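Keep the viewer open and turn the model as you read.

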Amino acid sequence: MTADVRVLVVEDEPLLAEAHKAYTERVAGFVVVGVAHTGRDAMAALRSGAGVDLVLLDFRLPDLHGLEVCRALRAAGSGVDVLAVTSARDLAAVRTAVSLGVTHYLLKPFTFAAFRDKLERYAEYRRQALAGGEVAAQHEVDRMFATLRGAAAHTLPKGLDEQTLHAVLAALDTGGRSAAEVGARTGISRVTARRYLEYLVSADRAVRTPRYGAPGRPEMEYRPT
């Protein structure tokens with residue numbers, strides 16, 4: 001039986017820290033062994049021998065930037081895995097995170113479904129990586145990286161294509177648009193637009209709400225998450 005993944009939550013906002021802890025404990029196979037609100041507390045927790053496997057790391061901490069925590073970990077020879085949970089959107093931070101071995105980069109705010117997907121993909125990658133022995137061929141290495149990076153998540157249902165999906169997503173705005181409005185903006189039919197929009201809802205990339213105001217059945221409108 002595979003042991004639970006032991007997680008350290010590092011987040012300076014107490015309410016967010018509790019939310020991330022609660023989210024983590026809703027995912028089977030994960031257990032939170034500590035919560036730290038500063039970079040120094042995180043380093044102390046990792047040195048304490050708690051046996052942490054994965055760090056959920058906010059970058060904007062009050063004392064140290066999360067990337068400095070990563071650098072300190074690697075300089076100390078720690079191979080603990082790190083999942084960045086941050087609002088930092090600058091590409092320099094993303095590049096540095098990759099160079100320091102951050103396994104996932106999750107932007108705030110996010111849905112529980114997106115959070116769970118990252119953890120489940122990490123757990124599957126970890127299961128493969130800890131199996132021992134050697135890989136038999138290139139495709140096994142490719143499968144491990146695809147599991148970790150989520151390449152399989154981009155497989156679309158039959159009849160949908162990436163180019164149209166991106167156009168539909170670009171046609172949405174935070175104020176909400178109906179399938180007919182999206183169809184008019186993208187040059188596809190209302191029925192086709194609705195198929196793409198419903199797919200985005202199922203993938204937690206859009207939300208659907210009724211639009212009231214006109215007589216009869218309310219029209220549905222869609223907004224990006």
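How do H2 and H3 lie to each other, roughly parallel or roughly antiparallel? Before the answer, some ground rules. This is a predicted model, in which local features need pLDDT of at least 70 and side-chain atom pairs count only at pLDDT 80 or more, while totals for chains, interfaces and linings use all residues. Residues are numbered from 1 along each chain as its sequence is written, and side-chain values use heavy atoms, with hydrogens and water left out.

Now the answer. Helix H2 covers residues 39–47, and it packs with H3 at an angle of about 25°, the axes being 10 Å apart. Axes here are lines fitted to C-alpha atoms, for helices over the stretch in contact, and angles run from 0 to 180 degrees between N-to-C directions. H2 and H3 are therefore roughly parallel. The cut-offs are these: under 35 degrees is roughly parallel, over 145 roughly antiparallel, 65 to 115 roughly perpendicular, and the rest oblique. The crossing of H2 and H3 is right-handed. That word applies if the near helix is turned clockwise from the far one by less than a right angle, and left-handed applies if anticlockwise.

Look at the residues that meet. H2 brings Gly39, Met43 and Leu46, and H3 brings Val69, Ala72 and Leu73. Contact means heavy atoms within 4.5 Å. By class, this contact has five nonpolar residues, one polar and no charged. Ala, Val, Leu, Ile, Met, Phe, Trp, Tyr, Cys and Pro count as nonpolar, Asp, Glu, Lys and Arg as charged, and the others, Gly among them, as polar.

Step back to the whole chain. It has nine helices and eight strands. Helices (H or I, at least four residues) and strands (E, at least two) are DSSP runs, numbered from the N terminus. The C-alpha atoms fill a box of roughly 65 × 45 × 35 Å, taken along the principal axes. Of the 225 residues, 37% are buried. Buried means under 20% relative accessible area, exposed means over 50%, and partly exposed lies in between (1.4 Å probe, protein chains only). Among contacts with a separation of 6 or more, 60% join residues 24 or more positions apart.

Next, find H1 (residues 14–25). Its axis and that of H5 come within 10 Å and cross at roughly 60°. That makes H1 oblique to H5. The crossing of H1 and H5 is right-handed. His20, Tyr23 and Thr24 of H1 touch Phe112, Phe115 and Leu119 of H5. The contact holds four nonpolar residues, two polar and no charged. Alanine 19 also sits in H1. It is partly exposed, because its relative accessibility is 30%. Alanine 19 and phenylalanine 112 are 93 residues apart in sequence, and their C-alpha atoms are 10.0 Å apart.

The peptide bond from lysine 108 to proline 109 is cis, with omega near -10°. Most peptide bonds are trans.

Now turn to charge pairs. The structure holds twelve salt bridges. Each is a side-chain nitrogen of Lys or Arg within 4 Å of a carboxyl oxygen of Asp or Glu. One of them joins glutamate 68 and arginine 71, with the closest N and O atoms 2.6 Å apart. Both residues lie in H3 (residues 66–75), three residues apart, about one turn of the helix. Glutamate 68 is partly exposed at 40%, and arginine 71 is partly exposed at 36%.

Another salt bridge joins arginine 121 and aspartate 117, at 3.3 Å between the closest N and O atoms. These two are four residues apart in H5 (residues 112–129), so about one helical turn separates them. Arginine 121 counts as buried, because its relative accessibility is 18%. Aspartate 117 is partly exposed at 30%.

Glu181, Arg211, Glu219 and Glu221 are linked in a network of salt bridges.
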